[in-house]
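I opened the model to look up the fold of one chain and its contact with a partner. My entries follow.

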Amino acid sequence: MTTEAGESLNNLPLGQKGRVTGFSLPPEQRQRLLEMGLTVGAQFEVVRFAPMGDPIDIKVRGYHLSLRKSDAAGVFVTRL
Amino acid sequence: MSSPATISAPPPSRDVTRHVAIAGNPNCGKSTIFNALTGLRQKVGNYPGVTVEKKTGRFFGSHGEAMELLDLPGSYSLQVRSPDEAVARDVLLGRQSDTPRPDIIICVVDASNLERNLYLVAQMLELNIPIVVALNMVDVAEKNGIVIDIMALREKIGVPVIPMVATKGTGLIELRQAVSRSPLPSPAICAQMPIVLEREVMTLAKQLPVAQEVARGEALLLLTLHEAALDDVTHHDRAIIEATKAAQQRLVTAGIDPISAPVDARYDWIGGICAAAHHTGDSHFATSISDKLDGWLTHRVWGWVAFLGMMALMFFCIFTIAQVPMDWIKAGADALSKWVEGHMAESDLRGLLTDGVIAGVGGVVVFLPQILILYFFLGILEDTGYMARAAFIMDRLMTKAGLHGKSFIPMLSSFACAIPGIMATRTIESRKDRLVTILVAPLMSCSARIPVYTIMIAVLIPGHSSMQKALIMLSMYILGAVVAFAMAWLFKKRLLKGETPMLLLEMPPYRLPSWKGVALRMWERAGLFLRRAGTVILALSILLWALMNYPKPANTEATKSEALAQSLAGKMGHTIQPLIAPLGYDWKIGIGLIGSFAARETFVGTMSQMYSIESKEDEDIGPLRDKMIAEKRSDGSPIFTPLVCIGLMVFYVLAMQCISTVAIVRRETNSWRWPLFQIAYMTGLAWLGAFIVYQGGRLLGFH
């Protein structure tokens, strides 16, 4: 479900903080992200990229979560 | 048998007063608590029908009452995505036939990662089972500047909360007391769902043919399943599924998303708890030691250096340090064999004991040190949190081959043995990725191939430096890995098309390993390995010995080689000779190959049995290597030419020759289709590889 399209998580630079605004992902994947704490409104920080540039490591709800850029493309965010 | 006068103890299962389950997210220290409570009173088995490992242990409550502790697989949610998680859910819902619904759940929570860990607690509370929250690693949380108000937490969650440092044993007594309480209070609080959703949940709950206390939890789980998953549900009637879909439709019309609404509700509830009981200093976004370490260990350059260095160290230890105890085991087996020969008159039984049992089983037990070292390293990599980094670093490369970052661990484990490797694929949620990983894992050179490589290299270049030998060995490992990735890519492209599923990887903070936990795991794996050596391999060794010694030649004057040629094994070797002649093999190698389809490591034993049978007549007791070098064809040319040696090694790199692996693939994929396919494609590849080496080499003028 897309609430408000905006910038995608995969486009954020290193060190950028942001807030989740919506998703454009199949239900199962969306549910998994939600359950890992990446809910609409959750704040996060882009912490690092893997040596080959992908996946991305973000800090959300006090822990590190890494996801691929292709999946992160379906997560809409606003910069903080 | 005990005499009637003795009072025998009642069977242990009757002693159990309470069934306790322990659950929690991965990396929360659940195993440490499980080990601390149960010590060595653990049992590893399987749930019937599925291959999810069932780990149980006995422990004692604060009044000495025996309790059974069930270790549920670590998971982030009760929403099922893997067979492991399905079992956990089924046990908690009382749906797993052989396992009683637990009387109480110990829900382990990582205090330094409270918010996300509480999500599973929120779901557990909806199941209406008494819960104790084991708030583990409070020391780490404190160090990170996190202050947790235990009283407030208890009040907000409504269940006992025990602060713990499991690695130091802190809080264990209190935890025991909490699970020994009688009666156990059921949880009274759980996350408040939106009213419209709650109404649908209750309506659906009434239609479910399950016990009243689990109905709400089950209804909520059903309602939050997406359509495809709902269609896969087998434990409910179609009517229930249709009712669920209709309810979901009504919710969507009312503006409530059944997928996200419950998750949001739970995290809102958690937010309230954290606001009251959880205070972080300024360190929320600050750099911790772990973050600094990651700066190096996942660095663009140093990350690779560290990764390759660690892999190199592991293999160095597996192949060098292990050599010492391996030599001891070999010497022990030889001494035992000599002792038997010295104390028994020559007979079939003596031959069976020395050539069959001792040579066969000894040849397998010799790998125990390597397997122990591998599990030592895997245990440490897992415990410290480095495994997640390895997946993080490798994911890009693995996805290029159509695999998954999480395929890396199974593939790496397969270097020791494909069986734990294939079992480790359970962490891969996507069925297709898991299947591809299972299909290619046995291509990674396992430790059972080492003796084959070793003997063939010794025959190929006798007397060369160990450096050159190591290089040839390494190239065999590389060949296996390259073919594994190529085949994975091919399977993903042709056979198991589909989008690459998502990767969601938690990167836990680095921690010191728990030595006790690592030791326990090594102990457990050694036990499983030895049991296999004592059963499957023992039986095979005896069978092979019999095949090579019977039927006895009618002519008592027959030489030992003639006897071997006339034995069942000799006949089988002759039968497959036309198939293997293009590879340059004679019927004796054929016997070795036949034996190897049961287990590769029997090749060396078979060859030495074969040559020792022959050599006894001229009392030549040189090492197997010299016998193989001296082995001639009927025209006088040597059999083990360089091309045959290399071809044979390539055959062993690629062939599926392990009955235990076939059995495990059958169990893991739940059908004969995949293991049979695997045998076919790997054997085909092996034949082709050996053919190319032998015939291609000859065309190029080698011999």
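I count a residue as buried if 20 or more other C-beta atoms lie within 10 Å of its own, as exposed if 12 or fewer do, and as partly exposed in between, with C-beta atoms placed from the backbone. By that rule, buried residues make up 50% of the 80 residues in chain A.

I noted that this is a predicted model, in which local features need pLDDT of at least 70 and side-chain atom pairs count only at pLDDT 80 or more, while totals for chains, interfaces and linings use all residues. Residues are numbered from 1 along each chain as its sequence is written, and chains are lettered from A and ligands numbered from 1 in the order in which they are written.

Chain A has two helices and six strands, in the order β-β-α-β-β-β-α-β from the N terminus.

I then checked the contact with chain B, where two residues touch if their C-beta atoms, placed from the backbone, lie within 7 Å. Chain A gives 30 residues and chain B gives 33. Among the chain B elements that give two or more residues are helix H12 (261–277) and strand S10 (504–507).

Terms used: Helices (H or I, at least four residues) and strands (E, at least two) are DSSP runs, numbered from the N terminus.
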